[in-house]
Amino acid sequence: MNTTVNRRSFLKTTAATAAILPTFNILANDDKAITIGPDDAQVNVGVIGYGAEGEILTDATVKIPGIRIKAVCDIWPYRRKMAKGRLKSLGHDVNVYEDYREMLDKEDKNIDAVIIATPDWMHAEHACYCLRHGKPVYCEKEMSNQLVRAREMVLAARETGLPLQIGHQRRSNPRYMHAINNVMRGNNVLGRITHAYAQWNRSVAPFITVKPKIHIPIETLQKYGYENMEQFLNWRWFAKYGGGPMVDLGSHQIDLFFWVWDCAPVSVTAIGGNDYYNRQMNDNVMAIYEFKTKEGVINRAFYQVLTTSSRGGFYEQFMGENGYLTLSEIAARGNTAAPEPGNDWNKFVKMGILNEAKAPVAMQERSSNVALDSRVTKAAAGMPLPVDLLKPAHMPHLENFFLAVRRKNPKLLNCDAELAYESAVAVLAANRSVASRQTVYFKPEEFKVPADAKHDPAKAAGEQPKQA
Ligand SMILES: NC(=O)c1ccc[n+]([C@@H]2O[C@H](COP(=O)([O-])OP(=O)(O)OC[C@H]3O[C@@H](n4cnc5c(N)ncnc54)[C@H](O)[C@@H]3O)[C@@H](O)[C@H]2O)c1
């Protein structure tokens with residue numbers, strides 16, 4: 001039986017009805033009805049790019065009820081074999097392909113959606129092609145290493161009306177959702193958040209190498225636009241394929257500044273360089289973003305990415321007038337808030353917003369007395385968030401994508417292309433600021449793709465050679 005409901009009333013009740021729904025229609029706008037399938041309907045998936053992240057995403061995907069992986073495309077025979085074997089051991093029999101177009105062509109009737117985890121430079125070509133062939137897409141971040149291609153992804157999603165989720169998985173992580181939507185934005189626990197700090201620090205690591213017997217023949221590599229095996233394996237460090245550590249890692253964390261402050265930056269001033277490894281992309285970047293809030297105040301965020309020291313690992317910190325909050329995708333590295341002196345947060349414990357501190361929260365004294373160190377450490381232990389993520393880190397974001405696929409409703413996505421484009425503008429600009437040794441100033445309109453812009457599939461592939 002088909003039923004028609006108003007979109008607004010439908011969305012309000014979405015959470016409550018997230019169980020099994022009968023098939024019915026909602027009004028997407030005044031004249032266009034969207035068919036909604038049951039939330040446990042089987043969704044068959046093709047994967048493009050089965051490298052480290054492709055494997056993580058498919059491992060999480062197969063845990064979601066009703067999702068079947070049917071096909072995998074990867075230009076590397078070694079990874080195709082890995083995909084076939086691993087997915088078989090997980091109960092999914094997949095066909096494997098070297099070329100994504102062949103996969104889409106042969107599997108057109110067998111796959112309903114595509115997950116893309118190829119290097120950044122291929123995202124736009126792959127995502128736009130899949131969307132134009134009627135497949136909703138989950139595409140890894142950064143949208144692209146070139147803004148012009150990210151723009152095409154936005155336009156392809158608009159033109160087709162299909163879900164395009166970008167892999168900023170913190171957007172669906174219940175701990176981040178609680179910390180940002182409930183603690184910081186909803187209940188203003190920190191007061192005005194004047195500053196933020198985030199870092200991703202990693203130890204020295206050599207270029208990835210693999211045994212020659214699993215190398216891809218050079219003619220195959222070059223057919224797909226890679227100069228050689230070194231560049232193929234270490235694509236992040238080459239401007240043609242990626243944006244270096246700043247884009248690779250910063251994309252996750254700079255997106256959070258947008259979310260917390262609900263606005264875009266007005267400038268970025270970054271310095272960094274290729275100082276340690278003699279590689280193409282910057283091996284360290286320090287960037288300061290200035291965000292102008294809707295209230296017209298300026299807040300600043302400092303972002304740091306290092307590849308020569310793992311000190312502190314990766315986390316994000318939000319510093320408000322009433323207290324601060326530390327988050328990390330690994331909860332043990334950051335999952336607490338702590339008040340500034342004079343703030344009693346017991347009311348937030350009673351409300352269930354925060355847990356009680358494991359150790360008494362001592363206020364930091366205005367003193368350099370080293371004897372106070374233990375008290376300061378207790379303060380840093382802080383008040384834990386009462387929300388855990390008990391699934392693999394990417395799983396809630398994939399679940400959110402499949403909900404939008406099953407309901408044929410891109411509005412349900414937690415990180416659609418329009419939203420991800422905003423942080424892509426800011427992230428890619430940091431490398432420009434480093435190169436020019438100048439502040440990059442943003443105009444508010446830069447963060448939106450113009451409403452009258454038209455998708456041009458050729459631009460999605462940019463200057464890179466088209467696949468054979
Ligand atoms: N969300 C996250 O937490 C997260 C973490 C790591 C990586 N990523 C993203 O995932 C993507 C992949 O990263 P990775 O670490 O898995 O890289 P990777 O090099 O391990 O894997 C990339 C895979 O893509 C394949 N490939 C390359 N070009 C292809 C093409 N034209 N067609 C089909 N297959 C192709 C390669 O053979 C390889 O198997 C990147 O965009 C990266 O930024 C996201």
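Ala, Val, Leu, Ile, Met, Phe, Trp, Tyr, Cys and Pro count as nonpolar here, Asp, Glu, Lys and Arg as charged, and the others, Gly among them, as polar. The model on screen is predicted.

**Whole chain**

Start with a cartoon of everything. The chain has 15 helices and 18 strands. Of its 468 residues, 45% count as buried. Look next at contacts with a sequence separation of 6 or more: residues 24 or more positions apart account for 68% of them.

**The ligand**

Select the ligand and its shell. The shell holds 24 residues. The closest are Gly 49, Gly 51, Glu 53, Trp 76 and Glu 140. Colour the shell by class: eleven residues are nonpolar, six polar and seven charged. Now highlight residues 52-61, helix α2. This helix gives the most to the shell, with three residues.

**Helix α2**

Stay on α2 and show side chains. Gly 54, Leu 57, Thr 58, Ala 60 and Thr 61 are buried. They lie on the same side of α2, because they cover an arc of only 160° around its axis. The background is simple: an α-helix has 3.6 residues a turn, so residues three or four places apart point the same way.

**Asp 108**

Move to the loop between α4 (100-106) and β7 (113-116), where Asp 108 is found. Is Asp 108 buried or exposed? Asp 108 counts as exposed, because it has 12 C-beta neighbours inside 10 Å.

**The cores**

Nonpolar side chains tend to be buried together in soluble globular proteins. Select the largest nonpolar core, with its 112 residues. Ala 127, Met 153, Met 184 and Phe 257 touch the most other members. Helix α14 (residues 417-436) gives the most to this core, with twelve residues. Colour by domain: the core draws at least three residues from each of domain 1 (4-172 + 394-418) and domain 2 (174-384).

A second, separate core has twelve residues, among them Met 122, Ile 216, Phe 232 and Met 281.

Leaving aside neighbours within four places in sequence, Met 153 is in contact with His 123, Ala 124, Ala 127, Cys 128, Met 143, Leu 164 and Ala 417.

Technical notes:
Residues numbered from 1 in each chain as written. Predicted model: local features only at pLDDT ≥ 70, side-chain atom pairs only at ≥ 80, totals over all residues. Helix = DSSP H or I, 4+ residues; strand = E, 2+ residues; numbered from the N terminus. Buried ≥ 20, exposed ≤ 12 C-beta atoms within 10 Å, placed from the backbone. Contact = placed C-beta atoms within 7 Å. Near = placed C-beta within 6 Å. Core = buried A, V, L, I, M, F, W, Y, C linked by C-beta atoms within 7 Å. Domains from an automatic or database assignment. Arc of directions from axis to C-beta.
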